[in-house]
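Please read the sequence and the model together.

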Amino acid sequence: RKIKVKAYSTSANLGPGYDILALAHNAFADELVMEIDKIHAGNRIRIIGNNVPPEAKKNSAGLPLIKLFNEFDIRESVTIHITKNIPVGSGLGSSGSSAAASIAAANELFSLSLSRDEMIRFAMEGECASSGTPHADNVAASIYGYVVSVNSVNPPRAYNIKTEMDLRFMSIIPDVHIPEKTKLARSMVPFSITMESGIRNSRNLASLISGFASGKRDLIRDGMDDGIVERSRLSLFPYYTSIKANVMKKNAVGVCVSGAGPTILILYDNETDLHGIEDKIDQIMRSAGITYRRSYSTLSGGME
Ligand code: HSE
């Protein structure tokens, strides 16, 4: 038996929601096929794919599966074929989507009846393969789809933030490769913050969530602003400050760093001067000497 899962790109944090908020979009999707197989030279999890680490414990799809096999005492062997379309290391949830797809496929293949939150518990382990620490925001968005908030991590509990808004996204994906980017970006986040900046970020987070829920774009415009995590990581995406200031002037709904970057996510609607934004970004990136590509998408409902 073979199970095929398609998992979409995701953007985590959304400004003030570090490790809390994320959304799934249809900019890119990975495909994962899992089948029960014979044991290959003592190797119970065989991974085949373009540009992915073949060793299960170093692979975002393999690592959560090791944990799942141990916990459920699954003795069979599987082969996983991964077709990666989400750009790796770009901040678009590439590792999270592999982890989520792997757990969703195993859930079906071995009839485990895991809840979505239980799937998050395993899938978030997959993030350790690339970032050294588990974080649940990207995998929650992969599993739940739409806009999601992670309200507890131990045990994981996530919720969809219902929105009627016709959200549209432009991703600015720079052509830069930062080795061990997520690990590095997480090490840049401060250990402590002042009460003042904590309150400011909480206020923004509340505005952002109210904005999605009520459909009031001004609440998102005010709320999608982070003075802690994005700021601490600015040296990884120095073009961001200028993009943000200019794009907001052209009436975007919001701008944030997608996950740990370097991709920048722009939310726009009919009131936004989209062509003005495209021209401005071309200009900014040209003078920064960075080539990039743009991708346009809308919200995705999650795995298929
Ligand atoms: N919340 C995580 C971070 C997402 O910003 O480190 C990484 O994709």
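Two residues are in contact here if their C-beta atoms, placed from the backbone, lie within 7 Å. By that criterion, and not counting residues up to four places away in sequence, R221 touches V253 and G254. The structure is a predicted model, in which local features need pLDDT of at least 70 and side-chain atom pairs count only at pLDDT 80 or more, while totals for chains, interfaces and linings use all residues. Residues are numbered from 1 along each chain as its sequence is written.

The protein has ten helices and ten strands. Helices (H or I, at least four residues) and strands (E, at least two) are DSSP runs, numbered from the N terminus. Along the principal axes, the C-alpha atoms fill a box of roughly 60 × 35 × 35 Å. The radius of gyration, taken over C-alpha atoms, can be set against a globule rule of 2.2 Å times the number of residues to the power 0.38. For 304 residues a compact globule would have a radius of gyration near 19 Å, and the protein agrees with this at 19 Å. Among contacts between residues at least 6 apart in sequence, 71% join residues at least 24 apart.

Burial is counted from C-beta atoms placed from the backbone: a residue is buried if 20 or more other C-beta atoms lie within 10 Å of its own, exposed if 12 or fewer, and partly exposed in between. Of the 304 residues, 49% count as buried. In soluble globular proteins, nonpolar side chains tend to be buried together. A nonpolar core is a set of buried Ala, Val, Leu, Ile, Met, Phe, Trp, Tyr and Cys residues joined through C-beta atoms within 7 Å. The largest such core has 86 residues, of which A100, A123, A140 and I266 touch the most other members. Strand 2 gives the most to this core, with eleven residues. Leaving aside its neighbours within four places in sequence, A100 is in contact with A7, M119, A123, V139, S142, I143 and M303.

Helix 2 covers residues 94–109. The expected span of a helix is 1.5 Å times one less than its number of residues. With 16 residues, helix 2 reaches 22 Å from its first C-alpha to its last, close to the 22 Å expected. Helix 2 is largely enclosed by the rest of the structure, because 14 of its 16 residues are buried.

What lies beyond helix 2 in the loop to helix 3 (116–131)? F110 is in this loop and is partly exposed, with 19 other C-beta atoms within 10 Å. F110 and F72 are 38 residues apart in sequence, and their C-alpha atoms are 9.8 Å apart in space. S111, in the loop between helix 2 and helix 3, has a positive phi near 45° in a residue other than glycine. S111 is exposed, with 6 other C-beta atoms within 10 Å.

A positive phi also occurs at N13, where the value is near 80°. N13 lies in strand 1 and is buried, with 26 other C-beta atoms within 10 Å.

Two peptide bonds are cis. One joins N154 and P155, with omega about 5°, and P155 sits in the loop between strand 5 (147–153) and strand 6 (156–160). Another joins G261 and P262, with omega about 0°; P262 lies in the loop between strand 8 (254–257) and strand 9 (264–268).

R221 belongs to helix 7 (residues 217–223). R221 is partly exposed, with 19 other C-beta atoms within 10 Å. R221 and N251 are 30 residues apart in sequence, and 8.9 Å separates them C-alpha to C-alpha.

Which residues surround the ligand? A residue is counted as near a molecule if its C-beta atom, placed from the backbone, lies within 6 Å of it. The shell is made of A12, N13, Y18, D19, H135, D137, N138, T182, A185, R186, G259 and A260. Strand 1 (2–13), strand 2 (17–37), helix 4 (137–144) and helix 5 (181–187) are the elements that give two or more residues to this shell. Helix 5 has the largest share, three residues. Ala, Val, Leu, Ile, Met, Phe, Trp, Tyr, Cys and Pro count as nonpolar, Asp, Glu, Lys and Arg as charged, and the others, Gly among them, as polar. By these classes the shell around the ligand has four nonpolar, five polar and three charged residues.
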